Structure formats: C-alpha cells, structure tokens
Amino acid sequence: MKAQKETQENNFFIKSSILVALFLLTSICSKAQEQLIFPFQGGVTIMNRFFKDSLTVSPEIVQKKATGTIVLKFTADPNGNVKKIIIYYADDYLLTTPVIEALKKSNHKWIIPDHEKLHDFIISFTINFNPPAIETPALAKEVYRYYKQRHPIVSVNQVPIDDVTLLPTIQVDYNLPQ
C-alpha cells in the first residue's frame, strides 16, 4: 500500500515537472519569436516593394549602363529613423547615390528590439538593366567600357559589426532606352 502511494506521488511529481518545463519552454519560444519579427514595418514583401518604388535610377546610370552591388550598414533608432549610413562595398560610387536616397526615405519604418537604443542593419542592393531582346556589339562595348572605368568602394580596414541584422538583398532592374 505504501509503495503504491509513493509510486503515485512520483508519477504526480514527474507529470508536474513536465508541465512546468513545457510552460517554461513555451514562454522562451514566444519571447524568441517576439524578437525575431521582421525589422521593416509590413515585412519583407513590403520592404522590397518600398525600395523598388523609392529607388530612382538616375539618367546617368542608364546612360552608362551601370550595374553592380552596393552593401550598406545603417543604424536605426527606436522611432525607426535612419541615423547613420556606411558604405561597406559598392561596385561604383555612381550606384550609391540613389540607394542612399531611397534608404533615407525609409525613416519611421524600421523596428528595433525593445531593449536597444540603436540597432545596426546591413542591406545589399543589386542594380541591373534588363537586356534588350537583341543584344548588339555596341551594347557589349558600352557595358565593358563602364566596367573598365568604374570606381569601386572597398573597405580596406577591419569593420566593426557588433550586433547587426543582415537584411535580404534588394534587386532593382531598369530598362534601357530603345
């Protein structure tokens, strides 16, 4: 009789322990999900649409048939304002101007974790032109000329990163004039 009572108490203790562990795990998981919210208001689709609508490819980029990648680090404050922009890499300085202007238009759209006063993000942009249906040797020559004359921006020193969120690449395509 006494052994049966101890077995029941042990079973009750094990069930209680499992229940407490489940509650703890659930609270930890919900806290982790709370911190993993996408940092742009509306999510990744809205962010892509915002930058594609906000980024205006300059006539100089179109004329030179410029293409390339830009990698920026920027800091956002609790109000979602962009505070500081650093160019980590750019295939050409010409490509950075419209990207930085579009990033400045994204004020009040960034969400940072509650416990932080500032948060850093790394975002990359790829700018390309849509190739015409019929490619000509003249087009290939112009693209090669741009490639030879471009002025890349490259970080040559160590870059401090600390806590940073890497965002998905924004791809922007533009049409060449006919």
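Okay, let's start with Trp 110. Setting aside neighbours within four places in sequence, Trp 110 is in contact with Pro 39, Phe 40, Met 47, Phe 51, Phe 74, Ala 76, Gly 80, Val 82, Leu 103 and Leu 167. Keep in mind that this is a predicted model.

Trp 110 also turns up in the largest nonpolar core, which has 35 residues. Along with Phe 51 and Phe 125, Trp 110 is among those with the most contacts inside that core. H4 gives the most, with six residues. As a general point, nonpolar side chains in soluble globular proteins tend to be buried together.

Now, strand S3, residues 119–130. Of its 12 residues, 10 are buried, so S3 is largely enclosed by the rest of the structure. And which strands does S3 pair with? S1, for one: those two are antiparallel, over nine bridges, and there Phe 125 is the bridge partner of Ile 70. Then there's S6, parallel to S3 with six bridges, where Ile 127 is partnered with Val 172. S5, residues 164–166, also runs parallel to S3, joined by three bridges, and Phe 121 stands opposite Thr 165 there.

Buried or exposed? Ser 124 has 14% relative accessibility, and the cut-off for buried is under 20%, so Ser 124 counts as buried. Its side chain makes a polar contact with the side chain of Thr 169, at 2.7 Å. Beyond four places in sequence, Ser 124 also touches residues including Ile 70, Val 71 and Pro 168.

Key
Residues are numbered from 1 along each chain as its sequence is written. This is a predicted model: local features need pLDDT of at least 70, side-chain atom pairs count only at pLDDT 80 or more; totals for chains, interfaces and linings use all residues. Side-chain values use heavy atoms; hydrogens and water are left out. Helices (H or I, at least four residues) and strands (E, at least two) are DSSP runs, numbered from the N terminus. Buried means under 20% relative accessible area, exposed over 50%, partly exposed in between (1.4 Å probe, protein chains only). A polar contact is a pair of N or O atoms within 3.5 Å; within protein, one must be able to donate a hydrogen and the other to accept it, and residues adjacent in sequence count only if both atoms are side-chain atoms. Contact means heavy atoms within 4.5 Å. A nonpolar core is a set of buried Ala, Val, Leu, Ile, Met, Phe, Trp, Tyr and Cys residues joined through side-chain atoms within 4.5 Å. Two strands pair if DSSP finds at least two bridges between them.
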